[in-house]
Amino acid sequence: MRREKIEKEQHRLKVLRTEQEREDRTRREVEEKRKAEEERQALELTIEMFKEKLTIYLNGRLGDEQAELDESMDIRKKLESGTNEVRSLRSALQKIKKDLERKNQYAEDMIDRASE
């Protein structure tokens, strides 16, 4: 009878130990999951911050490149305007030259007629 009592007590202790181990294991698993979730959230936050900084940097670079492009376009417009002005002046000079040549020829013809 005493042996049965001892065996029952040992069995009860074994069941209690098993339950305690199960609770400990469950508690560790919950704690590990909580830590893993915290780490995941921290990584997501780090990634978001990096994305924001990268976006700001890229927008700044894009702005710089756009400003350079705008400046280049302004220079190009000025060059085209200057080229057009030079063409206009060249055309006007050619007209003046032709007019002077024509007047010079007329004057020479008049001189030739007067000397005859």
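1. Glu80 is partly exposed, with a relative accessible area of 40%, where buried means under 20%, exposed over 50% and partly exposed anything in between, with a 1.4 Å probe and protein chains only as cover. Glu80 is also the salt-bridge partner of Arg76, their closest N and O atoms being 3.2 Å apart, and a salt bridge here is a side-chain nitrogen of Lys or Arg within 4 Å of a carboxyl oxygen of Asp or Glu. Because Arg76 and Glu80 are four residues apart in helix H1, about one helical turn separates the two.

2. The model is a predicted one, in which local features need pLDDT of at least 70 and side-chain atom pairs count only at pLDDT 80 or more, whereas totals for chains, interfaces and linings use all residues. Residues are numbered from 1 along each chain as its sequence is written, and side-chain values use heavy atoms, with hydrogens and water left out.

3. The chain holds one helix and zero strands, both being DSSP runs numbered from the N terminus (helices are H or I with at least four residues, strands E with at least two). The radius of gyration is 49 Å, well over the 13 Å that the globule rule gives for 116 residues, so the chain is more spread out than a compact globule; the radius is taken over C-alpha atoms, and the rule is 2.2 Å times the number of residues to the power 0.38. Along its principal axes the C-alpha trace spans about 170 × 15 × 5 Å, and helix H1 itself covers residues 2–115.

4. What share of the 116 residues is buried? Buried residues make up 0% of the chain, and the accessible surface comes to about 11600 Å², of which carbon and sulfur atoms hold 55%; areas come from the Shrake-Rupley method with a 1.4 Å probe, and for residues only the protein chains shown count as cover.

5. Among the eleven salt bridges of the structure is the one between the side chains of Glu38 and Arg34, at 2.4 Å from N to O. Glu38 and Arg34 stand four residues apart in helix H1, or about one helical turn, and are both partly exposed, Glu38 at 43% relative accessibility and Arg34 at 38%. Glu31 joins Arg34 and Glu38 in a network of salt bridges.

6. Arg40 pairs with Glu37 in a salt bridge whose closest N and O atoms are 2.3 Å apart, the two residues lying three apart in helix H1, about one turn. Arg40 counts as partly exposed at 36% relative accessibility, as does Glu37 at 32%.

7. Phe50, Leu54, Tyr57 and Leu58 form a nonpolar surface patch with about 430 Å² of accessible area together. Patches are made of residues with over 30% relative accessible area and no salt bridge, like charges being joined within 9 Å and nonpolar side chains (Val, Leu, Ile, Met, Phe, Trp, Tyr) within 5 Å. Tyr57 has its place in helix H1; Leu58 lies in helix H1 too and is partly exposed at 45% relative accessible area. From C-alpha to C-alpha, Leu58 and Arg3 are 81 Å apart in space and 55 residues apart in sequence.

8. Asp64, Glu68, Asp70, Glu71 and Asp74 form a negative surface patch, Lys and Arg counting as positive and Asp and Glu as negative, with His and the chain ends not counted. Asp64 is partly exposed, with a relative accessible area of 43%. For the chain, the mean positions of the 29 positive and 30 negative charges are 8 Å apart, each charge being placed at NZ of Lys, CZ of Arg, CG of Asp or CD of Glu.
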